[in-house]
Amino acid sequence: MEAQRDAEAPVAGGGGGGGGGGGAVEAVEAVEARAGLLACGARALELLVPPLLRICSEAAQLPLHGGSAGSGLSGVLGGGGGDGAVVVAAAGGKLSVGERSVFLLNCLDAIQQSLAAQPAEATAVRAAELSEHAEQMVAALAHSTAVAFFERCGLQQKLAALQTAADQPQLQLSSVVGLEPLALAAAMRAFYQQLFRSGGALVERAELVASLALRRRALQRTAQTVAATHRHIHQVVSRQGSGYADLGSILLHTPDEVDTLLDVVAPAAPAAPA
């Protein structure tokens, strides 16, 4: 009997080896099946996400395009392209650009949330595109909010003249139409009053942005745009030869004070020459 068991032992071992081989085949098949499912999922996303984006974009009357967004300052000061192009393209709708930007941001966020539930391998490309579009809408919201802010205090119309003057150092600002001491002082007082009344919360109804991360970026970017524009105004108006005899009646607060209110990090000072 012992001899018979010894003779059967290799046979049993061989059967176990066959079972192990079968398990390896099943594992390979499972991997191939998963790869096939991922390929199908990626193809489905390729077909579904672009129409969804187009529908949302058309509903919001805001264009979605590739490319990184600009700083926002040039657009506020009257320059072209970048964030300003989005605002111009969206002009004329019943809702403000800010309201439409919020709507489209929430659409993008909803699509992103749906993609997050899928395997990352199948959604990587579309997720990156959605993130890029979301940043574009954050820039549009920040830009339109900053423009509306300056319009309410009467500064928006003066920013183009200030930018022109900044490019012509020999020009005396106080002699430019619209930049006379009394006119500029009135607009700057309105700016500071509106700024401090807001408490630094520049985006109205910011709570309507569903994503906390996008909401924070929109608030931060708006604050940065307003603070940078104020710093630019301060530098141009206070330069030598501007023609303003009483700067204290125009520039009621320093750029650092405005940065502090808006919780913006001031730009680093240039390094001293060695």
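**A helical chain and its aromatic cluster**

At 2% relative accessibility, phenylalanine 149 counts as buried, where buried means under 20% relative accessible area with a 1.4 Å probe and protein chains only, exposed means over 50%, and partly exposed lies in between. The model is predicted, so local features need pLDDT of at least 70 and side-chain atom pairs count only at pLDDT 80 or more, whereas totals for chains, interfaces and linings use all residues. Residues are numbered from 1 along each chain as its sequence is written, and side-chain values use heavy atoms, with hydrogens and water left out.

The chain has 9 helices and 0 strands, these elements being DSSP runs numbered from the N terminus (H or I of at least four residues for helices, E of at least two for strands). Of its 274 residues, 36% are buried.

Since phenylalanine 149 lies in helix H5 and phenylalanine 191 in helix H7, the latter pair ties together parts that are 42 residues apart in sequence. Phenylalanine 191, at 1% relative accessibility, also counts as buried, and ring pairs link Phe149, Phe150, Phe191 and Tyr192 into a cluster.

The largest nonpolar core has 31 residues, and those with the most contacts inside it include Phe150, Phe191 and Leu262; such a core is a set of buried Ala, Val, Leu, Ile, Met, Phe, Trp, Tyr and Cys residues joined through side-chain atoms within 4.5 Å. Helices H5 (120-152), H6 (156-166), H7, H8 and H9 each supply at least two residues of this core, and H7 gives the most, with 7 residues. Apart from it lies another core, of 18 residues, among them Cys107 and Ile111.

In helix H9 (residues 255-262), the buried residues are Pro255, Val258, Asp259 and Leu262. They cover an arc of only 100° around the axis, taken from the directions to the C-beta atoms, which puts them on the same side of H9. These residues pack against helix H7 (181-198) and helix H8 (212-237), with contact meaning heavy atoms within 4.5 Å.

Definitions and conventions:
Rings of Phe, Tyr and Trp (its six-membered ring) pair if their centres lie within 6.5 Å; planes under 30 degrees apart count as stacked, over 60 as edge-to-face and the rest as tilted.
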